[in-house]
Amino acid sequence: MTLEIDRITKSFDGDAAVLNEVSLTVKDGEFLALLGPSGSGKTTLLNLIAGLTKPDGGTLRLDGDDITTRPAGARRFGMVFQSYALFRHMTVADNIGFGLRVLKGKDRPTKPARRARVAELLDLIEMPDLGDRYPAQLSGGQQQRVAMARALAISPRLLLLDEPFSALDAQVRRNLRGSVRDLQQKVGVTAILVTHDQAEAFEIADRVAVMNGGIIEQVGTPADLAERPSSDFVRDFIGAA
Ligand code: ADP
């Protein structure tokens with residue numbers, strides 16, 4: 001689906017704007033990274049997209065529908081956020097099926113359909129035999145793949161990823177970049193990744209939006225940004241990483 005972010009503004013408690021008329025279109029099936037230093041507004045923008053925070057001004061449209069005030073629970077977005085860790089007391093299979101069990105009304109699949117969907121996701125993350133394990137019995141990389149499967153189980157309209165690799169060591173992070181990208185491509189979902197890591201953004205994303213002080217400095221493919229940075233900030237930030 002196509003997400004249109006149209007002049008979104010946000011401040012907290014009357015302070016200076018954390019987001020200042022941010023506009024950006026994320027195309028259907030695209031993997032877009034929001035890249036920038038700490039405090040540049042990336043997480044605030046992702047939380048607004050998720051519906052966890054309300055903007056002071058501006059509009060969010062999904063395939064043309066205004067979703068600016070739609071509650072988070074009604075957006076049907078898949079999220080892999082640091083704050084949504086796996087449920088430790090649930091098996092891997094129950095974690096993956098969680099979002100399906102809490103769907104409402106006609107959207108909620110029957111028990112056999114849920115079981116089949118969980119098996120499909122376990123295959124997709126190449127962990128077909130690990131459904132009965134508990135998160136503590138998995139490696140950090142495996143836990144992250146389960147988190148991806150849990151987010152994808154509901155066939156989300158958008159996939160939102162907030163620094164999904166930050167707790168993992170460098171080698172595991174690098175391996176996971178490829179598998180996250182592969183999963184997104186297989187499913188064909190539009191995805192938005194928040195990261196402060198230039199190498200991560202450049203390896204995973206089709207396009208990268210560089211944020212600085214509540215605005216988007218430049219949006220482009222990794223090659224665009226590397227070859228034609230539009231400002232000193234973009235050149236320095238990309239060069240510095
Ligand atoms: P990033 O994800 O790029 O590190 P954030 O979106 O987390 O940036 O934060 C941008 C700015 O907004 C920071 O100055 C931060 O202190 C401020 N901020 C974020 N959330 C809140 C909040 N709930 N209340 C007050 N200030 C906030």
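## The four-stranded sheet

Let's start with an open sheet of four strands, ordered β2-β1-β4-β5 and paired antiparallel; strands here are DSSP runs of E with at least two residues, helices are runs of H or I with at least four, and both are numbered from the N terminus. Two strands pair if DSSP finds at least two bridges between them. At the edges are β2 (19-26) and β5 (65-66), each of which pairs on one side only. This is a predicted model, in which local features need pLDDT of at least 70 and side-chain atom pairs count only at pLDDT 80 or more, while totals for chains, interfaces and linings use all residues. Residues are numbered from 1 along each chain as its sequence is written.

Strand β1 (residues 3-10) joins β2 in the antiparallel sense over five bridges, and Glu4 stands opposite Thr25 in β2. Helix α1 (residues 42-50) packs on this sheet and touches β1, β2 and β4 (57-62); contact means C-beta atoms, placed from the backbone, within 7 Å. The direction of α1 makes about 120° with that of β1, where axes are lines fitted to C-alpha atoms, for helices over the stretch in contact, and angles run from 0 to 180 degrees between N-to-C directions.

## The six-stranded sheet

Six strands build another open sheet, in the order β6-β7-β8-β3-β9-β10, with mixed pairing. Its edge strands are β6 (78-80) and β10 (215-220), each pairing on one side only. On average, neighbouring strands are turned by 15° against each other, direction ignored.

Within this sheet, β3 (residues 31-35) and β9 (residues 207-212) pair in the parallel sense over four bridges. Leu35 stands opposite Val210 in β9.

## Helix α4

Helix α4 (residues 140-152) packs on the six-stranded sheet, touching β6 and β7 (159-162), and its direction makes about 160° with that of β6.

Buried residues of α4 include Val146, Met148 and Leu152; buried means 20 or more other C-beta atoms within 10 Å of a residue's own, exposed 12 or fewer, and partly exposed in between, with C-beta atoms placed from the backbone. Their cover includes β6, α2 (92-101), α3 (111-124), β7 and α5 (170-187).

## Asn175 in α5

Asn175 lies in helix α5 and counts as partly exposed because it has 13 C-beta neighbours inside 10 Å. Its C-alpha atom is separated by 8.4 Å from that of Gly141, 34 residues apart along the chain.

Technical notes
Two residues are in contact if their C-beta atoms, placed from the backbone, lie within 7 Å.
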